[in-house]
Amino acid sequence: MVRSLVEMDELVRVADLFAGIWGYPRGQLPVTPEMLRALTHAGNYVAGAWVDGALVGASAGFLGRRDDVTVLHSHISGVVPAHQGSQVGYELKQHQRAWAIEREISTIEWTFDPLIRRNAYFNLAKLRAVIVAYEPDFYGAMRDEMNAGEETDRVVARWNVHSPSASPADVSDAQVILSADTDRRPIMSPSDGPLLRAWIPEDYLRDRAQLKGWRQAVRSTLGAAISHGYVATDMTRDGWYTLAKSPS
């Protein structure tokens, strides 16, 4: 079950859940209960997912403006490891979607690391959001286990809650701008064709010590393409982004 949260005791649990998922140092939090309380009091979004009475996932966001249109910026969402890969994350997003529609908000945006394949697949293939921007080192240095020592490149996912993006395009004629050699080292081949593909490794967080060079390679290919008007529209289970030239 997913429901909106407003009470402090529940918001404390949400803050602790986020800290545990990201592996923050003891006594540090990615978002405090007081901030979550302020967000809900001001009419923003905080929700939790419960299984058998236990909090197993949560999401928090706030209202913003994009081209003079109100959007919901989904700042942080997470599911405990034991329930990752289940329907919990999807149900959280559907609750968020319903919350936005009820308030006549048609667009939800959030950022994520473009090298985390499972998140890219969930956001693009399952939700049918698209990537519209690339932000190098968006947060700067971070302290949590997941991001420590990394440049925090992020992409901006945009989800039209009324009209998700179309089904995947035929990629038989797409130009490959990023792939790997037999030693899993990146191969970059920039192109300005109408349809592009870019591959990323399966588990960058686990294997990043052996995957040196991939952060810069993704920035120089996927990031450069998006900066030049491409939109990432799909991700396959085996790690291929599809990018199409934006019509606008």
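1. Let's start with the helix pair: Met8, Leu11, Val12, Val14 and Ala15 of H1 touch Pro33, Glu34, Leu36 and Arg37 of H2 (contact means heavy atoms within 4.5 Å). By class, seven of the residues in this contact are nonpolar, none polar and two charged.

2. Before going on: this is a predicted model, with pLDDT of at least 70 needed for local features and 80 or more for side-chain atom pairs, while totals for chains, interfaces and linings use all residues. Numbering runs from 1 along each chain as its sequence is written, and side-chain values use heavy atoms, without hydrogens or water.

3. On geometry, H1 and H2 (residues 33-41) pack at about 120 degrees, their axes 8 Å apart.

4. Now the largest pocket, which holds about 1,400 Å³ of space. A pocket here is an open set of points on a 1 Å grid where a 1.4 Å probe fits, with protein on both sides within 12 Å along at least five of seven lines; lining residues have an atom within 4 Å of a point.

5. The lining has 44 residues, with Trp22, Ser77, Gly78, Arg118 and Asn119 nearest the centre. H4 gives the largest share, seven residues. By class, the lining splits into 20 nonpolar, 15 polar and nine charged.

Note on methods. Points joined across faces, edges and corners; volume = space filled by probe spheres on them. Helix = DSSP H or I, 4+ residues; strand = E, 2+ residues; numbered from the N terminus. Nonpolar A, V, L, I, M, F, W, Y, C, P; charged D, E, K, R; others polar. Axes fitted to C-alpha atoms, helices over the stretch in contact; angles between N-to-C directions.
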